[in-house]
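Dear colleague,

I am passing on a structure for you to look through. Please have it open while you read the notes below.

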Amino acid sequence: MSRDDQRLTYSDEELEKARVVLEKHKTELLAIPGCTGVGIGLKQVGGRETGALAIVVFVQRKTSPPPGEAVPGNLEGVRTDVIEQEDSEPVPLAAPAPMATDPFARFDQLFSGISVTAWETPPAWGTIGCFIWTPGDPGHGIPGGQYLLTNQHVLQGAAPPDTVVIQPSIDETVPPPNYRCGDYVYGYQTPTRDCAIATVGYGRTFLNQVPNYPGWPGRRDIRGVAAAAPGQAVYKYGATSKFTKGVVEVINYTPPNTNYQNVILIRSEGGTDDVWVAKGDSGSVTILQANDHIIGLNFAGSANAVMQNPPQLPAYPAYYGGFAYDIQAQMNAFSATGGVVLA
């Protein structure tokens, strides 16, 4: 993987040093009274982001802490920053049901951004993320080959014995047979993973493509996998909110006493008035605007980023901020030896 966004001024070496220092001091930072999370972001001055990299400590409210509890100005040469933020639990994006008729078409050739769900759970839906190739993991019954990748919480209803996966979700008790598109193989839902794979079958094919920017015809090729870095401009296409733009705010984000770790925080490019993700976008991928490389697998919206007046969507709530897991880490979950790539 590589970090590739020419607008970012800090070096890969600075970013790697920040990761190492954060991991070394994470426990002590999370223990600071009032801490709601830690991560790596861009230092803020007067509420505006600078281009400087920093270890960010989120707190419920900035105060004058007693001696021994203050966040140091730097840690081993890496700047720190203290930012007010309430506790932010992730809210799964899988839709409970469509609010009206099914908004999705059926596609013989599957691609990123269209709906997917278990045969057993229509009319709920999530989103196809991408397609991967793995050498396999015999210990978990995963043969080498090509698979559809999305969230585990999207496909958990397809766990054995009925492993059928369908696209799209439809508002019917019994989906027609031609909506089958594959079979669930394996998945994980842990503090660092929310990922699942399924075969592509029943006459379907696939391409690692995503619907193009609004106003442009056709689809874009997904060109690779990269690492997330603060300040990157990104986009995603989800089954509910479709095409949206965002900015990577923080990486390696870990709050205290929660069931998720080392996640990517992304906010809408347009601020609190624009959607980043909504229910039903679970499993979609975060993609760099600079080069169409995937950096994350979206799995949740942020509870403190719920939009009060969202646009018309087939499912709610909508969020101007959300969470993603590092894409390569999710892909590697399905190999005993590594070497997982885009199919």
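What follows is a short account of the overall build and then of the aromatic rings.

This is a predicted model, in which local features need pLDDT of at least 70 and side-chain atom pairs count only at pLDDT 80 or more, while totals for chains, interfaces and linings use all residues. Residues are numbered from 1 along each chain as its sequence is written, and side-chain values use heavy atoms, with hydrogens and water left out.

The protein has 26 strands and 3 helices, these being DSSP runs numbered from the N terminus (E, at least two residues, for strands; H or I, at least four, for helices). Of its 343 residues, 56% count as buried, that is, under 20% relative accessible area with a 1.4 Å probe and protein chains only.

The structure also holds 12 aromatic pairs, where rings of Phe, Tyr and Trp (its six-membered ring) pair if their centres lie within 6.5 Å, and planes under 30 degrees apart count as stacked, over 60 as edge-to-face and the rest as tilted. One of them joins Phe 58 and Tyr 253 edge-to-face, at 5.5 Å centre to centre and 85° between the planes; Phe 58 belongs to strand β2 and Tyr 253 to strand β19, 195 residues apart. Phe 58 is buried at 3% relative accessible area, and Tyr 253 is buried at 0%.

The rings of Phe 299 and Tyr 325 are stacked, because their centres are 4.3 Å apart and their planes at 15°. Both Phe 299 and Tyr 325 are buried.

Technical notes
Buried means under 20% relative accessible area, exposed over 50%, partly exposed in between (1.4 Å probe, protein chains only).
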